[in-house]
Amino acid sequence: MALRTLMTRKTLASASSNQGLLHQCRSLQTFSLPDLPYDYGALEPAISGEIMQLHHQKHHQTYITNYNKALEQLDDAIAKGDASSVVKLQSAIKFNGGGHVNHSIFWKNLAPISQGGGEPPKASLGWAIDSNFGSLEALIQKMNAEGAALQGSGWVWLGLDTQSKKLLVETTPNQDPLVTKGPSLVPILGIDVWEHAYYLQYKNVRPDYLKNIWKIMNWKHASEVYEKECPSH
């Protein structure tokens, strides 16, 4: 994730002690919009270029903008010892920070067909899917069913429990990251089922979107994540 550094508003010139100097040298790490590894139209016909551009430039950017704003407000509240404001800001940080985390994963989970999108997983991840779900087709059916049944907005995930080394399917509401379902859970791939991810093209027929997104699923990247978290012996 790209980072840019924002220095706190206080200037070094106002430092009156070593302690003050250290405090005012403190910097706040905020986030910027990551580039997509493909053109907006590269995922057509599964996902239109118009949706991808709006999703990336508008929706993802808004989460980042609001997250950075909340971080700066939190930094000020902590510096002032304002506990009430620190508590109030937690929901904005969770929602907008989760939106940034989840979308950063989502873009990598997709790939144009010309770059291997839709090619089924092989080796370790393929075997793990067969072992945990019976087959890739069974996994897809399970994720599609849970994604379609999710009320309101949220995400459906293929996750790895790093303690048990087992794969699982989970859903999270709103922009909650998968880790909110358990500290040992790592996302192997996630599908955004917010309406902004599909409505311009699929209207209110979420199951059609879920069916077609597998044609551009980047299983190569998912396999790399799985191998990193669960190395082959």
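Which residues are buried in helix H5 (residues 123–133)? The answer opens this report on a predicted model.

## Helix H5

Ser124, Leu125, Gly126, Ala128, Ile129 and Phe133 are the buried residues of H5.

Gly134 comes after H5. Its phi is positive, near 100 degrees.

## Where H5 meets H9

The axes of H5 and H9 lie 8 Å apart. The packing angle is about 85 degrees. Angles of 65 to 115 degrees count as roughly perpendicular, and H5 and H9 are therefore roughly perpendicular to each other.

Which residues make the contact? From H5 come Ser124, Leu125, Ala128 and Ile129. From H9 come Trp219, Ala222, Ser223, Tyr226 and Glu227. Sorted by type, the residues of this contact are six nonpolar, two polar and one charged.

## Aromatic pairs

A pair of aromatic rings is described by the distance of the centres and the angle of the planes. How many aromatic pairs does the model hold? The count comes to nine. One of them joins Phe31 and Tyr67. Their ring centres are 5.4 Å apart. Their planes meet at 35 degrees, so the pair is tilted. This pair links distant parts of the chain. Phe31 belongs to strand E2 (residues 27–31), while Tyr67 belongs to helix H2 (residues 49–80), and the two are 36 residues apart.

Are Phe31 and Tyr67 buried or exposed? Buried means under 20% relative accessible area. Phe31 has 16%, so Phe31 counts as buried. Tyr67 has 14%, so Tyr67 is buried too.

Phe106 and Trp107 form another tilted pair. Here the distance is 5.6 Å centre to centre, with 50 degrees between the planes. Both residues are buried. Phe106 and Trp107 also belong to a cluster with Trp155 and Trp157, linked by ring pairs.

## Pro45 in its loop

Pro45 sits in the loop between E2 and H2. Is Pro45 buried or exposed? The cut-off for exposed is over 50%. Pro45 has a relative accessible area of 67%, so Pro45 is exposed.

Pro45 still has contacts. Leaving aside neighbours within four places in sequence, Pro45 is in contact with Gln201 and Tyr202. Pro45 and Pro112 are 67 residues apart in sequence. In space, their C-alpha atoms are 10.0 Å apart.

Methods
Residues numbered from 1 in each chain as written. Predicted model: local features only at pLDDT ≥ 70, side-chain atom pairs only at ≥ 80, totals over all residues. Heavy atoms only, no water. Phe/Tyr/Trp six-rings, centres within 6.5 Å; stacked < 30°, edge-to-face > 60°. Helix = DSSP H or I, 4+ residues; strand = E, 2+ residues; numbered from the N terminus. Buried < 20%, exposed > 50% of the residue type's maximum accessible area, 1.4 Å probe, protein only. Contact = heavy atoms within 4.5 Å. Axes fitted to C-alpha atoms, helices over the stretch in contact; angles between N-to-C directions. Parallel < 35°, antiparallel > 145°, perpendicular 65-115°, else oblique. Nonpolar A, V, L, I, M, F, W, Y, C, P; charged D, E, K, R; others polar.
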